[in-house]
Amino acid sequence: MANQFVNEPARTTQLFGEYDVVVLGGGPGGIAAATAASIQGASVLLVERYGFLGGMGTAAGVSNFCGLYANHFGEPKRVVHGVASRLLERMDEMRGLKEPHLIFGKILAQAFDTAAYKIAADELLLSNGVKLLFHALAADVTLSDQGQIESLILETKSGRRAVRAKLFIDGSGDGDMAAWAGASVLTDSPGSMMYPSTMFRINDVPAELAQNRGWDKFPELMAAEEMRSGKHFPRKGPIIRPQNHSIEWRANLTQVANPDGTPVNGIDAEQLSYAEVEGRRQIQMSFEMMRAAIPEFKNSYIVDIPPQVGIRETRRIEGDYVLTDDDVLSCASFEDTIGVNSWPVEDHVQGDVIWRWPDLPNVRGFNQLPYRMLLPKGINNLFVIGRCASMSHTAQSAARVTGACFVMGEAAGTAAAICAKEGLTPRQIDVPRLQQILQKNGAYLG
């Protein structure tokens, strides 16, 4: 075709509202950010593309909190509190949390019911006065003459809308707002992003399999099935574990690649479309192999494939500080700490998962997260949180998990509320004062 573009007519977009703080994305970072900002007295709007909160934990069916606990000199220690504790307490009241379980004999994680997560998150935000806007897909931003974000443009079921704010928080996972505003994106070699996975849950598994740590025998049984059938599971190191109820298990064993073997790009609509179909194809193949390999799964069935493929990495925005893998593995400290990351390097490469750990049990088992990693260069009214914050590829493979996202979100929300109230930019914040407020609200700064 001679002309590859369509000229759209100029339009006037209806204003949905004006707020002190607008948060894009309802994952753990967005939940913590919106709650924290509202607690500090700001008017807050949280915008979410789905009809529920939870991010990858619900939309991608991860159903397991990682990074809440550290291996602290060989002993488990809960290191993420604050807003996260308020959410988990609500989930626990609903009997939606499983007791923390040990992974690789080194670190604790905690499975949860996705329904409890959705309901508890709704209650937490609404009880703190946060305005929720669901089914709203961010489409663009408008900029002021000074190059700062003036409004966020949304596509909603009511039509195109705009929202204004004094401060914005990008918890989109993909750094969408930051990229549209012209922020610098950290780039690596082509095809170096982590591979996504499509999760699924299995029901009607004999309860005794969970009670007897049945998963310990899976690697041997699954390897034998590969030899027998000539087929192969999508990757090494699958994670198949019981959920809160022993008859229900989660399966994390797919690895979704493009036809040429490269990782699916989660900000490419065509590749994402391919990935959704390919993920379900891998689930069907893998589940048939599991039922053949593991006798206890013979009569089980797939009870849920979540709404979307689980994306681990897309854009990473360059901030005032870029967290590195050395920071993670050396358990680094920072004067502007806002909390901690306790998860190791977990790099999903082609066909495998590479784990790298600090020198356990001889170290404290966590690195501090600096406030500066939330501040995108060149933009003075935006925070970037979660997996798209300022981190190297390898550091992001660690600090992208739930615990660190809660930490980044609470700090950004608290700081944004202070900025809105006092007419400051994020770089004008008195960091020791911010740290005092975070600690007063229950956060652990390490």
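Is D216 buried, partly exposed or exposed? At 48% relative accessibility, D216 is partly exposed; here, buried means under 20% relative accessible area, exposed means over 50%, and partly exposed lies in between, with a 1.4 Å probe and protein chains only. The structure is a predicted model, in which local features need pLDDT of at least 70 and side-chain atom pairs count only at pLDDT 80 or more, while totals for chains, interfaces and linings use all residues. Residues are numbered from 1 along each chain as its sequence is written, and side-chain values use heavy atoms, with hydrogens and water left out.

Side chains of opposite charge can pair when their charged atoms come close. A salt bridge is counted when a side-chain nitrogen of Lys or Arg is within 4 Å of a carboxyl oxygen of Asp or Glu, and the model has 19 salt bridges by this rule. One of them joins the side chains of R213 and D216, at 3.0 Å from N to O. R213 is partly exposed too, with a relative accessible area of 43%. Another salt bridge links E155 with R160, where the N to O distance is 2.4 Å. E155 has 33% relative accessibility and counts as partly exposed, as does R160 with its relative accessible area of 22%. Salt bridges can also form a network, as they do among R201, E248 and D304.

E313 and R316 form a salt bridge with an N to O distance of 2.9 Å, and both residues are buried. E313 itself has 2% relative accessibility and is placed in the loop between β16 and β17 (316–317). The side chain of E313 makes a polar contact with the side chain of R316 at 2.9 Å. A polar contact is a pair of N or O atoms within 3.5 Å; within protein, one must be able to donate a hydrogen and the other to accept it, and residues adjacent in sequence count only if both atoms are side-chain atoms. A polar atom of the E313 side chain also lies 2.9 Å from the backbone nitrogen of M194. Leaving aside residues up to four places away in sequence, E313 touches S192, M193, M194, R387, H393 and Q396, where contact means heavy atoms within 4.5 Å.

Helix α8 (residues 269–293) has 25 residues and reaches 36 Å from its first C-alpha to its last, close to the 36 Å expected. The expected span is 1.5 Å times one less than the number of residues. At the N-terminal end, D268 caps α8, with a side-chain oxygen 3.0 Å from the backbone nitrogen of E270. An α-helix has 3.6 residues a turn, so residues three or four places apart point the same way. The buried residues of α8 include A275, E278, Q282, M285 and M289. Their cover includes β13 (200–203), α7 (218–229), β14 (239–242) and β16 (301–304).

Among the elements covering the buried residues of α1 are β1 (14–24), β2 (44–47), α3 (83–93) and α11 (402–422). After α1 comes G41, whose phi is positive, near 100°.

The strands include an open sheet of 3 strands in the order β3-β7-β6, with antiparallel pairing. Its edge strands are β3 (64–65) and β6 (101–103), each of which pairs on one side only. Two strands pair if DSSP finds at least two bridges between them. Between β3 and β7 (residues 107–111) there are 2 bridges, and F65 has Q110 in β7 as its bridge partner.

Finally, how many disulfides does the structure hold? The number is 0, where a disulfide is a pair of cysteine sulfur atoms within 2.5 Å. The sulfur of C331 is too far for a bond because the closest cysteine sulfur, in C66, is 17 Å away. C331 is buried, at 8% relative accessibility. For C419, the closest cysteine sulfur is in C388 at 18 Å, again too far for a bond. C419 is also buried, with a relative accessible area of 2%.

Notes: Helix = DSSP H or I, 4+ residues; strand = E, 2+ residues; numbered from the N terminus.
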